[in-house]
Amino acid sequence: MTKQLILVINCGSSSLKFSLINPLSTETILTGLAEQLFTDKATIKIKYKENVKVKNILAPYDHSLAIAILVDELKALGFNDNVAAIGHRVVHGGENYSAPTLITDEVKKIIESLSRLAPLHNPANLMGITACEKAFESLPQVAIFDTAFHQTLPSKAFIYGLPYELYEKHSIRRYGFHGTSHYFVSTEAAKLINKPIEACNFISAHLGNGCSITAIKNGKSADTSLGFTPNEGVMMGTRSGDVDSGIIFYLVNELGYPIDDVNKILNSKSGLLGVSGISNDCRTLEEAMTDEPNCRATLALTVFSYRIAKVIASYTASLSELDGIIFTGGIGENSMLVRKMVISHLQILNFHIDDERNEQARFGQSGNIAANNSRSCWVIPTNEEFVIAEQTQQLLSLNNEGE
């Protein structure tokens, strides 16, 4: 095997997801997850073909040790010399990056400077980059930014109703996230309807612990719900989404909350978790609804679904045509209840769900879940890892051609 494999790293604050992918053949060779990092319960799971290995990660239980175990496994399987580059998911690239970017010291400084805008993500992404630079000294490291796909937003979509100088001097604007996911599922939907992506118009709903809705016009992002930070938009797993900014001042000035505590409330204690008082996990809430139909789990999922539907409906203002809605992400791909609740609010747009099709489109299965008299409504499992591998390989090819 020639040196053509891409190792994809998706680094969280206490986790590290990875895949070894051949972007030319589209084959995913190896996958895995290191989780509960920085605790004595840290483990790494590596899946190759039908074999799954689980190993404990020793103190200090960090990303570097997880990467070291992965490197040993790649060597043992004979893949280490076939890796051409490392592709990293990086959440926030600001206005600086609209394409895959070779990571340099300057790029790392910019990623770090943007950490204040994505405090749960960019610092973790940098930890993964640093660990991989130590483990793979001779290999190019490439950043694929979640914000890149949304650099096509028109000014009417990204400018806030604030003094314009805040944008000019401090780049305060809507950036959008989950770009690799929206890009992937929209290109897959274009294939399903046999149209070039440049002629396609979709509304894509990436629903997981983090959620975003994107209007895709002629294959490009035209509006999106996540904004300056990943806390705007619809309600999420632990994030509030849109709230009246006056609530923040009320909490601080009238109720005496420290501002750091308000930040934690909005990012870590709100959303499905905050409203339900039970969990941020949609599966847990659906079970609770069955056990006690009138509990706060019902309220949380009702608010969640309504707000998603409301944003989807509003995004028709961004489009002159609409080929259909796409559901993706952990909740979007697996929760037939949430999908049904969302679509129930969109009948005015001629969306109607087919219960049998909706039930079949779960656990990695894609499909059109719309009734026969409805506009199309697809469930498409996202594959951000493949996008990262593909775009990393494309950047390497361009650099090789330029040499």
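Modeller: Gladly. On a 1 Å grid over the protein atoms alone, a cavity is a set of points where a 1.4 Å probe fits but cannot get out, while a pocket is an open set with protein on both sides within 12 Å along at least five of seven lines; lining residues have an atom within 4 Å of a point. Grid points are joined across faces, edges and corners, and a volume is the space filled by probe spheres set on the points. In this structure, the largest cavity holds about 40 Å³ of space. This is a predicted model, where local features need pLDDT of at least 70 and side-chain atom pairs count only at pLDDT 80 or more, but totals for chains, interfaces and linings use all residues. Residues are numbered from 1 along each chain as its sequence is written, and side-chain values use heavy atoms, with hydrogens and water left out.

Biologist: Which residues line the largest cavity?

Modeller: Its lining is made of Ile-159, Tyr-160, Leu-162, Pro-163, Tyr-164, Leu-166, Tyr-167 and Ile-172. To sort a lining by class, Ala, Val, Leu, Ile, Met, Phe, Trp, Tyr, Cys and Pro count as nonpolar, Asp, Glu, Lys and Arg as charged, and the others, Gly among them, as polar. Here the cavity lining has eight nonpolar, no polar and no charged residues.

Biologist: What is the volume of the largest pocket, and which residues lie nearest its centre?

Modeller: The largest pocket has a volume of about 1600 Å³. Of its 50 lining residues, Lys-17, Gly-208, Asn-209, Gly-210 and Gly-330 lie nearest the centre. By class, 14 are nonpolar, 26 polar and 10 charged.

Biologist: Which element gives the most to that lining?

Modeller: Helices (H or I, at least four residues) and strands (E, at least two) are DSSP runs, numbered from the N terminus. Strand S2 gives the most to the lining of the largest pocket, with five residues. S2 spans 15-22.

Biologist: And how much space lies in the second largest pocket?

Modeller: The second largest pocket holds about 750 Å³. It is lined by 26 residues, and the closest to its centre are Phe-228, Thr-229, Asn-231, Ile-248 and Leu-266. Helix H8 gives the most to this lining, with five residues. The lining of the second largest pocket has 14 nonpolar, eight polar and four charged residues.
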